[in-house]
Amino acid sequence: MSLISRRNLLIAGAVSIAFAAIAPAQAQVSAATLDGLAAQAKGKGPVIWYESSPADDAAKIAAAFAKRFPGLQIQHVRDAGGAGIAGRVIQEVQGNARTADILTGSASVIWQLVNRNLVDKQDWKALGVPGSVAVSPFTIASTTAVYVILTNRQQVSDADAPKNWNDLLNPKWSGKVGLWIRAEPQLSLAALWGEQKTTEFINAVNQQKPFVFKSTFPLAQQVGAGEIPVGVGLYHAAMVPIRRGAPIRFSFPDPVPTTTLHSAVISVGKNREGGLLLALWLATPEGAKIYEDATGRGHAGVQGTEVQKLLAGRTLTEFSADKVPDNLEMFERFNKLIAAGGQEVK
Amino acid sequence: MSAAPRAAAVLPYGSGGLARRLAAAPVALLLVYLVVVPLVLLGMSSVRPTGFPLEPGFTVANFGKVFLADNFPRLVWTTIVFALGSTVLAMVLGTAMAWLVERTDLPGRNLFRVLVILPMAAPPVLLAIGWAMLLSPRTGFFNLLLRDLFGLQTAPFNVYSVPGMIFVEALALVPTAFLFLAPAFRNMDPNLEDAAMASGASTWMMIRRVLLPLLWPALAACAAFLLIVSFVVFDIPGTLGMPARIYVLSTQIFYLTADSPTGVPLYGQVSALGTFFLLILVVLGYAYHRFTRESQRYRTISGKGFRPRLASLGRWRWPTTAAVSVYFLLAVFAPLAILVWASLMPYQTRPNAASLSLITFENHLDFLRNARLITATIHSLTVAFFASTIVALLSLIISWIVVRQRPPGARAIDNLAFAPIAIPGVMLGVAVVYVYLTLDFVFPIYGTIWILVVAYVTHYISFGTRLANGVMVQIHPELEEAARTSGAGSLRVLARITAPLVWPAVAAIWIWVFAHAMRELSTALMLSGRNNIVLPTLLWDYWTGGEPTRAATVGVWLLAALAVFLALWHVLNNRSAARRA
């Protein structure tokens with residue numbers, strides 16, 4: 001069992017909430033399948049990819065893809081907001097304009113397109129993808145966002161640094177904690193804790209008067225700059241300032257919430273074969289490594305990635321992609337709680 | 001003395017012959033296309049269940065969700081306090097600066113004239129980050145300095161507050177206020193002031209009875225403009241308010257658009273909020289017209305020649321210079337210096353002796369090596385050049401029609417030109433996307449830089465026309481009448497008489513739009529596609545990608561480029577003035 005410990009599975013099973021979005025087995029897509037798709041994709045124009053990575057990072061992935069599949073180019077369109085990416089596809093479809101061939105984002109975003117019949121259904125098994133990587137016919141796991149607790153090394157000693165969720169509730173951190181405005185980590189915690197406990201936790205954190213950030217990248221930067229000594233952020237976002245020398249330490253809480261980002265092939269895309277090829281390639285060891293090297297965000301379902309090694313033996317929690325539609329309302333409630341600072345908003 | 005109105009000088013709204021109507025028709029049609037079509041889409045979006053204007057269904061639920069929400073009254077109150085506070089402070093500073101630079105013998109005023117508009121080149125997001133680094137309660141440079149100097153227990157300033165947001169927003173608006181008011185001060189005939197003083201009026205009476213009434217159109221136009229801008233502005237409340245959970249209407253729109261919990265933007269609620277902005281515009285637009293209705297009374301440029309004379313500051317000359325210098329040091333140089341500092345750091349850190357060892361030019365070298373930068377720079381310059389040129393010319397023509405020609409529907413044309421200011425950039429971007437996706441077979445500009453030009457022209461025409469109107473009403477029509485009497489046609493009068501007289505205002509419009517187009521972010525993000533990357537979206541890439549030091553580097557280069565541009569413009573302007581003299 002390479003990724004999820006026996007304890008993890010026991011916990012996930014015991015709470016009977018959908019878990020294990022992260023696969024213990026990786027995609028076994030054959031080279032013949034990939035090359036066959038590449039041949040079909042050629043001559044249909046560039047593969048248009050809507051995704052959230054910075055353009056410089058995406059350019060590295062595009063270069064590797066073009067090298068692996070000569071004659072095929074990726075045109076990457078970034079939407080860092082997340083929510084806007086589905087809106088863009090819907091608008092372009094309504095205007096009969098060229099839209100994405102493949103979209104990579106959170107399941108909640110992709111489901112908006114599934115509900116509008118804008119995502120191709122795939123027979124992932126026939127393509128060599130195990131069900132644990134592609135739990136729904138519409139999506140395939142592409143990468144894993146991992147949430148960690150960040151602290152400023154110069155302002156907080158090792159001994160004082162909060163290492164777990166309850167540590168954040170210590171009054172000494174009042175007004176000194178940073179959160180992402182989107183309740184993605186809280187939603188993943190709810191997979192294990194349940195909605196009530198998670199709501200109580202959000203309200204307790206709100207009593208600490210935390211700062212909220214539009215993105216976890218500035219959040220990590222502000223921890224590094226000392227603006228906020230403590231934050232709950234994404235591992236790969238924290239690695240950007242850490243690699244540049246910022247005094248940030250991170251610790252994995254227990255459990256570790258994760259958000260799997262999925263890829264979906266857009267049904268009205270001009271080069272759907274190219275989109276499917278990219279989605280499959282990102283789930284192979286080669287594609288996953290290139291993606292992780294470029295963006296710092298690894299695929300927990302693929303052997304050999306850094307994130308897979310980091311998470312080994314830890315308790316992970318996340319709703320699987322097919323359960324996300326059932327939890328959208330809870331996600332909305334969590335988001336409103338965070339945005340309102342603990343006050344319920346209609 | 002030409003302040004007294006002449007009844008026949010200006011035709012009332014609605015009068016005029018066929019020629020006037022024909023001249024106004026193309027402009028009216030263009031404005032309908034640029035402004036009404038997006039507004040219609042905004043309205044459609046607000047009553048669609050999904051918020052997507054081209055999807056079926058009808059609902060008023062979006063209005064209920066927005067206006068009946070528990071937090072709505074607090075949201076509106078915070079917005080009003082923020083907008084009014086920013087406007088008042090910006091007006092006070094901008095008016096003082098315009099008067100000192102244009103009408104007094106302040107030493108170094110030519111330098112100050114350039115410096116005062118320099119912050120306009122910095123994207124507001126970067127200014128907000130700069131001020132956070134200066135006034136953050138924990139790590140702010142000034143706070144730490146004051147705590148060390150005076151042994152304070154707590155930080156004296158907190159930029160993450162409504163007063164902090166007002167302060168930074170006001171400083172960001174001062175260049176706009178200056179550009180509005182400087183031409184009005186410059187175009188004032190000092191003979192009026194002399195006449196008042198010669199008649200025994202005190203200085204205060206002269207200011208109250210002569211100066212303020214003469215400036216009233218420009219002051220009112222400027223205040224109305226700044227107030228609306230403060231209502232819709234996102235960058236500074238988004239950067240300083242949102243982390244502390246202080247929301248204004250614009251940040252609520254951003255939240256509903258970019259951080260929607262459902263996974264798609266809640267355009268329906270965004271559009272419903274947009275209608276609230278339009279309501280505010282109607283009220284402010286009405287107030288604006290009331291303020292400027294009698295504006296022809298205050299014309300000061302006539303056929304009689306005059307040279308604006310400078311008031312002597314006397315013994316206040318050097319204290320005033322010191323005060324202005326301190327203002328520039330704190331309000332302009334400090335945030336810009338902190339950006340330069342950030343651009344030299346490997347990661348965001350506060351300035352102190354220990355951090356000096358971290359200084360690196362890697363961000364700048366990387367910036368110059370980045371191939372995307374060249375593309376983004378070319379795109380930004382192209383977009384800014386075309387948008388500013390079109391807005392300047394169009395504003396001149398619209399103001400000429402509205403203030404001088406006054407054909408039937410002139411007021412409607414003026415209102416149309418004013419309306420886009422109330423459309424939040426995010427919403428304008430969405431509407432423009434729909435327009436050009438629908439018309440892709442006629443105008444295939446979706447995903448190109450030209451869609452940015454169209455959006456910016458729409459967005460900035462309100463500023464251009466307000467500024468041009470404010471100056472146009474100060475110019476007495478007797479010069480134009482004289483030209484017409486000599487046989488010149490309307491267009492010839494515009495080209496040979498009116499345009500040269502309003503040239504300072506046109507130049508100010510061009511510069512303002514150029515600088516703002518170079519830094520505009522929210523609309524550019526909504527319209528970004530495969531082939532239209534510009535410098536602000538590149539900067540945003542760095543910022544959201546966790547690299548504020550690289551974002552600061554883009555800001556520093558933007559500032560440097562604009563500083564060179566402003567200096568060149570200033571030199572050319574001075575030479576031109578010298579030749580004219």
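Of the 581 residues in chain B, 53% are buried; a residue counts as buried if 20 or more other C-beta atoms, placed from the backbone, lie within 10 Å of its own. This is a predicted model, in which local features need pLDDT of at least 70 and side-chain atom pairs count only at pLDDT 80 or more, while totals for chains, interfaces and linings use all residues. Residues are numbered from 1 along each chain as its sequence is written, and chains are lettered from A in the order in which they are written.

The secondary structure of chain B consists of 24 helices and zero strands. Helices (H or I, at least four residues) and strands (E, at least two) are DSSP runs, numbered from the N terminus. Among contacts in chain B with a separation of 6 or more, 79% join residues 24 or more positions apart. Two residues are in contact if their C-beta atoms, placed from the backbone, lie within 7 Å.

A nonpolar core is a set of buried Ala, Val, Leu, Ile, Met, Phe, Trp, Tyr and Cys residues joined through C-beta atoms within 7 Å. The largest one has 300 residues, and B:Val168, B:Cys222 and B:Ile509 have the most contacts inside it. Helix α7 (residues 162-186) of chain B gives the largest share of this core, 17 residues.

B:Phe463 lies in helix α18 (residues 449-472) of chain B. This residue is buried because 25 other C-beta atoms are within 10 Å.

| Residue | In contact with |
|---|---|
| B:Val168 | B:Leu127, B:Ala128, B:Trp131, B:Val159, B:Ile236 and B:Leu240 |
| B:Phe463 | B:Phe225 and B:Trp512 |

Helix α5 (residues 124-135) and helix α13 (residues 317-343) of chain B pack at an angle of about 95 degrees, with their axes 8 Å apart. Axes are lines fitted to C-alpha atoms over the stretch in contact, and angles run from 0 to 180 degrees between N-to-C directions. The angle makes α5(B) roughly perpendicular to α13(B), a term for 65 to 115 degrees. On the α13(B) side, the contact is made by B:Ala334, B:Pro335, B:Ile338 and B:Leu339.

Between the chains, 44 residues of chain B are in contact with 51 residues of chain A. On the side of chain B that touches chain A, α17(B) gives the most, with four residues.

Definitions and conventions. A residue is buried if 20 or more other C-beta atoms lie within 10 Å of its own, exposed if 12 or fewer, and partly exposed in between; C-beta atoms are placed from the backbone. Angles under 35 degrees count as roughly parallel, over 145 as roughly antiparallel, 65 to 115 as roughly perpendicular and the rest as oblique. Lists of a residue's contacts leave out its neighbours within four places in sequence.
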